Amino acid sequence: MVIDADTIEVILPRFLEFVGDAALVAHNAGFDVNFIKENAKRQNIPVDLTYVDTVGIARTLLTGQAKYTLDGKDIEDLTREPSQGG
């Protein structure tokens with residue numbers, strides 16, 4: 001816990017208001033979405049989230065990798081502009 005930080009009971013309703021109907025995009029989104037859903041349930045807040053998990057995208061684009069973490073060089077390479085030369 002962070003000293004002097006607002007609790008999940010304060011932050012979650014603000015976060016859900018901020019998100020609105022937008023789709024969430026996250027790497028390993030299932031972890032985050034489960035956290036949000038569980039805490040919403042505890043607070044009796046109805047939630048229906050749409051999300052995209054970029055781990056699935058990475059697995060499709062980077063076949064055969066041992067892992068698909070954001071700190072991996074191969075994931076970094078996806079964000080670079082393709083080279084113009086041959």
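Helix H1 (residues 8-19) packs against helix H2 (residues 29-42) at an angle of about 115°, and their axes lie 10 Å apart. That makes H1 roughly perpendicular to H2, a label given to angles of 65 to 115 degrees, with under 35 counting as roughly parallel, over 145 as roughly antiparallel and the rest as oblique. Welcome to a predicted model, in which local features need pLDDT of at least 70 and side-chain atom pairs count only at pLDDT 80 or more, while totals for chains, interfaces and linings use all residues. Residues are numbered from 1 along each chain as its sequence is written, and side-chain values use heavy atoms, leaving out hydrogens and water.

**The chain as a whole**

- The chain has 4 helices and 2 strands (DSSP runs, H or I of at least four residues for helices and E of at least two for strands, numbered from the N terminus).
- Starting at the N terminus, the elements follow the order α-β-α-β-α-α.
- Of the 86 residues in the chain, 19% are buried (buried means under 20% relative accessible area, exposed over 50% and partly exposed in between, with a 1.4 Å probe and protein chains only).

**Where H1 meets H2**

- The axes used here are lines fitted to C-alpha atoms over the stretch in contact, and the angle between N-to-C directions can run from 0 to 180 degrees.
- From H1, Ile8, Leu12, Phe15 and Leu16 meet Phe35, Ile36, Asn39 and Ala40 of H2 (contact means heavy atoms within 4.5 Å).
- By class, this contact of H1 with H2 has 7 nonpolar residues, 1 polar residue and no charged ones (Ala, Val, Leu, Ile, Met, Phe, Trp, Tyr, Cys and Pro count as nonpolar, Asp, Glu, Lys and Arg as charged, and the others, Gly among them, as polar).
- Asn39 belongs to helix H2, and its relative accessibility of 8% means that Asn39 counts as buried.
- Setting aside neighbours within four places in sequence, Asn39 is in contact with Ile8 and Leu12.

**Salt bridges**

- Searching the whole structure turns up 2 salt bridges (a side-chain nitrogen of Lys or Arg within 4 Å of a carboxyl oxygen of Asp or Glu).
- Asp6 pairs with Arg14 in a salt bridge whose closest N and O atoms are 3.1 Å apart, and Asp6 is partly exposed at 42% relative accessibility.
- Arg42 forms a salt bridge with Glu38, with 3.4 Å between the closest N and O atoms.
- Because Arg42 and Glu38 are 4 residues apart in helix H2, about one helical turn separates them.
- Arg42 is exposed, at 61% relative accessible area, whereas Glu38 is partly exposed at 34% relative accessibility.
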